[in-house]
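Subject: Handing over a structure

Hi,

Here is the structure I promised you. Please open it next to the sequence, then read my notes below.

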Amino acid sequence: MPTAIFFITIACLLVAMTIWQAKAPSSERKGFLPIATTPGDRLFIGLLSSAFINLAWLGLTNFTLWISFIIALIWMIVLMRWG
Amino acid sequence: MNKWEDNKAWFMVIPVFLVVAISAIIPLMTVVNYSLQDIFGPNQRVFVGLEWYKDALTDPRLHAALKRQLMFSSLVLLIEIPLGILIALMMPKKGWGASLSLVLVALPLLIPWNVIGTIWIIFMRPDIGLLGAAINGFGIPFDHTASGLDAWITVMMMEVWHWTPLVVLLAYAGLQAIQEAYFQAARIDGASGWAIFRYIQLPKLRGVLTIAVLLRFMDSFLIYAEPFVLTGGGPGNSTTFLSIYLVKLAVGQFDLGPAAAFSIIYFLIALLFCWLFYQVLLKIGTGDKS
């Protein structure tokens, strides 16, 4: 069940992004990241960096993963908006 | 024309998406599923959450394998890139000599990976191997099955022999693409051979060398077959790289849960490097030097 939830969430994200881009195509732009990115690029960077945030939290601390999950979520929002 | 019609080409991607889903995404989902369970048999499994990830991230053997892997990849780059450029510079530029040297240089690339390992096992044997016996004949004790250092030297020599030709071919292609006018101008100015290399050839090779560095890094980071055939990760764990450690865990010990968690971490590291690789290639393509 957790695996299913994880992949369904990512699939929903991808479907939502696809519909968004089909309805209102957006071009590359430069934010605080050193490269110009599309929303799809930022989603990929956000997911990958979130995975590393959670792994680092898991490997380096004994606190609950909910904290790193919230940190990753905030990071994703910041990245998608200003990245 | 409305926006949906503008984007209908996206539907052409569906067949590719289906192929990727079957060949990559479904196996990935299976691995993620395994990584959250302790598997005892076909129908005996217990959900353990992120325990295997915690174990993998704090496993000193994994840390040691990762250090070995990074050291191996760094050494590969330090040796293969300068050596590849040197050989490319020495190769004939035209005539039958150019064709012959290209064929000779490319030969190691045509040999299957497991055969490479077998060749080097025989070649380095201290009793009958051509090089192994010769080294021992000079009074230097050398046995890649008994000494960690000797095993590393052998793996590095095999890797350099196998993959430097790729760097040579890339550098050679880059050198051939430099226009003759640059060399004529350098000759008029009385530039030395070193100055020509430093200020004309090396800057012009920037693009192909970036590709060579990234390709060799990725390839050496994922290496499995050659060192596995040659040393099996030994002696001890001295040549146990990440992929060898992973196979030992999954196939040797049948620890599918920990191996799956480790695979996901390994996959994420490889994905990170792939993305960096892709970004650098894009920058080269657009001429962005930032």
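Start with helix H2 of chain A. A:Arg42, A:Leu43, A:Ile45, A:Gly46 and A:Leu55 are buried in this helix. A residue is buried when 20 or more other C-beta atoms lie within 10 Å of its own, exposed at 12 or fewer, and partly exposed in between, with C-beta atoms placed from the backbone. Helices (H or I, at least four residues) and strands (E, at least two) are DSSP runs, numbered from the N terminus.

Two points before you go on. This is a predicted model, where local features need pLDDT of at least 70 and side-chain atom pairs count only at pLDDT 80 or more, while totals for chains, interfaces and linings use all residues. Residues are numbered from 1 along each chain as its sequence is written, and chains are lettered from A and ligands numbered from 1 in the order in which they are written.

How confident is the predictor? The complex has an ipTM of 0.87 and a pTM of 0.78. pLDDT is the predictor's confidence in each residue, from 0 to 100. Chain B averages 87, and 95% of its residues score at least 70. Within chain B, H1(B) has the lowest confidence, with a mean of 57. Helix H8 (residues 148–176) of chain B has the highest, at 94. Where pLDDT is low, the predicted coordinates should not be read in detail.

Chain A

Chain A has 3 helices and 0 strands. Along the sequence its pattern is α-α-α. The C-alpha trace spans about 40 × 30 × 15 Å along its principal axes. Of the 83 residues in chain A, 11% are buried. Take the contacts in chain A with a separation of 6 or more: residues 24 or more positions apart account for 49% of them. A contact means that two C-beta atoms, placed from the backbone, lie within 7 Å.

From first C-alpha to last, H1(A) reaches 31 Å, close to the 32 Å expected at 1.5 Å a residue. The expected span is 1.5 Å times one less than the number of residues. H2(A) (residues 39–60) has 22 residues and should therefore span 32 Å; its end C-alpha atoms are 31 Å apart, which agrees.

Where the chains meet

How many residues does each chain bring to the contact? Chain B gives 19 and chain A gives 15. On the chain B side, helices H1 (3–6), H2 (14–35), H3 (51–57) and H14 (256–286) each supply at least two residues. H14(B) gives the most, with 6 residues. The chain B side holds 13 nonpolar, 4 polar and 2 charged residues. Here Ala, Val, Leu, Ile, Met, Phe, Trp, Tyr, Cys and Pro count as nonpolar, Asp, Glu, Lys and Arg as charged, and the others, Gly among them, as polar.

Inside chain B

The largest nonpolar core has 24 residues. Such a core is a set of buried Ala, Val, Leu, Ile, Met, Phe, Trp, Tyr and Cys residues joined through C-beta atoms within 7 Å. B:Ala56, B:Phe241, B:Tyr245, B:Leu246, B:Ala261 and B:Phe262 touch the most other members. H3, H4 (60–90), H13 (242–252) and H14 of chain B each supply at least two residues of this core. H14(B) has the largest share, 7 residues. Apart from this core lies another, of 14 residues, including B:Ala88 and B:Leu170.

B:Glu80 is in helix H4 of chain B. Why does B:Glu80 count as buried? Because it has 24 C-beta neighbours inside 10 Å. Beyond four places in sequence, B:Glu80 is in contact with B:Val160, B:Trp163, B:Thr164, B:Val167 and B:Arg216. B:Glu80 and B:Val213 are 133 residues apart along the chain, yet their C-alpha atoms are separated by 9.1 Å.

Strands E1(B) and E2(B) form it with 2 residues between them. E1(B) (residues 37–41) and E2(B) (residues 44–47) pair in the antiparallel sense over 4 bridges. Pairing requires at least two DSSP bridges. B:Asp38 stands opposite B:Val46 in E2(B).

Last, look at the loop between H13 and H14 of chain B, where B:Phe254 is found. Phi of B:Phe254 is near 55°, a positive value in a residue other than glycine. B:Phe254 counts as exposed because it has 11 C-beta neighbours inside 10 Å.

Best wishes
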